[in-house]
Amino acid sequence: MSRRAFVRSAMAGTTILALGGASYVLASTDEEKKARATKRPDGRPRLPPDQYLLKRIRPMGGTVGDPSPGNFRLKVYGEVEQPFTIDFAELLRMPQVEQTCDVHCVTKWTVLDSRWTGVRVADLAARARPKRSARHVIFEAHAGYTANVPIAEALAPNVLVAHKYEGAPLARAHGAPVRALVPDLYFWKSAKWLTGIRFVAVDQPGYWEVRGYHNHGDPWKEERYG
Amino acid sequence: MADAATKEVDAPEEAGVANVRAKPATDAAARPTKKLAWRPWLRAAHRDVGYVAVGLTFVYALSGIAVNHITDWTDGDPSFKSYSRTVEVGRIEGDDEAIVERLRTRLGIRETPREVYRASDDQLEILFDRRSLHVDLANGTVVDEGQEPRFFLRVANWLHLNRGKKAWTYVADAYAAALLLLATSGLFMIAGKKGLFGRGAVLVLLGIAIPVVYVHFAGP
């Protein structure tokens, strides 16, 4: 084969692959079309822009933490009047919330109607009593992972410290025994293997936020990258 | 175009021989112009740095592809394979120790649990090193779930994301510098008919244009 013929063949092959990949990516199922057309109570479409649907959440990796409920401790501290630490049994004794919500990953998948059980971050905050100076919440997790969320959004009623997914205790890959759940922001904010909730006066970009991802992460504004 | 006296050769050793052979002519005007034969040295450096970089390139490239596409291929975790199954075991009675033994027998688990945790009257958590049993005593069901590390990708990904920090930062920095050297030396390795201003210029501009155009149309 001559060099010219080789280059032509390579270019043709690349074009076909690119077109095939694009058509695969752009293909939309009826379910996705319906989710795009359906509105949430706040008027936004159920499926944020450029997202596709999955049936179950994906683990997405991360440095695996200790799945032991016996070793679990959650520290609530920072700009609060009453910092405290609770264990797994005490977390289960707090008012439990069962919630069905949609979650959206920055890698473009969305799961509709995922079922979670846990404790509202707002209830934990009510016990810790944040000071007026507290403006942001930092979710702290295993191996130094952090995710920052504005306090108003962290205390929304659908933000949980979750220990069950789809009716079963949280799987190891999903951050057992406890993870954060912030459904209205990209899912990297929902820190797995949660160890702490820290209230701060000044925002502190977290693990992914300092690695080029958006500081806020609103799926409907496509705040993927900073 | 190089003439016979200034022709470059393929290897530094040969370049040395060529220089020795280029004896001064009796006529000073006919003495060949002495030209530094840098290209063979560049090729040698490129080749040797390339050899050293092969291992790390495989680590970073395969890990990068895995991170980009793992969600298309598997459950989205490049480092671990996760599994989960629900087993109906019927009503189990007895204390925690008896329940654990019965389930180990039923599920064929030889490993000793590292933790048995009674989360509530109806919920027992049994943890092994890479496996968890979530026992619903009321319904007689066990969710058996765990993770198995992927053979190569776990380590490659760990290195790629520099999870280890410390010394690996220096290795990663040195590798980045080596890639810069490879890219730069690659521009000048083979002269070509028109040097860098022929097909090379088109290809270099194309390579630069790819990220520039992408960022222009789809960037932040």
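This is a predicted model: local features need pLDDT of at least 70, side-chain atom pairs count only at pLDDT 80 or more; totals for chains, interfaces and linings use all residues.
Guide: Quick ground rules: residues are numbered from 1 along each chain as its sequence is written, and chains are lettered from A and ligands numbered from 1 in the order in which they are written. Local features need pLDDT of at least 70, side-chain atom pairs count only at pLDDT 80 or more, totals for chains, interfaces and linings use all residues, and side-chain values use heavy atoms, with hydrogens and water left out.

Visitor: Why is Cys101(A) called buried?

Guide: Buried means under 20% relative accessible area, exposed over 50%, and partly exposed in between, with a 1.4 Å probe and protein chains only. Cys101(A) has 11%, so it counts as buried. Cys105(A) is at 6%, so it is buried too.

Visitor: And how many disulfides are there over all chains?

Guide: There are 0. You'd need a pair of cysteine sulfur atoms within 2.5 Å.

Visitor: What makes Leu36(B) buried or exposed?

Guide: Its relative accessibility is 66%, so Leu36(B) is exposed. You'll find Leu36(B) in the loop between helix H1 (12–21) and helix H2 (38–73) of chain B. Helices here are DSSP runs of H or I with at least four residues, strands are runs of E with at least two, and both are numbered from the N terminus.

Visitor: Which nonpolar patch does Leu36(B) belong to?

Guide: One on the surface, whose members include Trp38(B), Phe188(B) and Val212(B), with about 730 Å² of accessible area together. Helix H5 (167–188) and helix H6 (199–218) of chain B each give two or more residues, and H6(B) gives the most, with 4. Patch residues have over 30% relative accessible area and no salt bridge; like charges are joined within 9 Å, and nonpolar side chains (Val, Leu, Ile, Met, Phe, Trp, Tyr) within 5 Å. The areas come from the Shrake-Rupley method with a 1.4 Å probe, and for residues only the protein chains shown count as cover.

Visitor: Why is the link between Asp66(A) and Arg114(B) called a salt bridge?

Guide: The rule wants a side-chain nitrogen of Lys or Arg within 4 Å of a carboxyl oxygen of Asp or Glu. In this pair the closest N and O atoms are 3.6 Å apart, so the pair meets the definition. Across the interface of chain B and chain A, the rule finds 1 salt bridge.

Visitor: How many residues are in contact between those chains?

Guide: 29 residues of chain B touch 27 of chain A, contact being heavy atoms within 4.5 Å.
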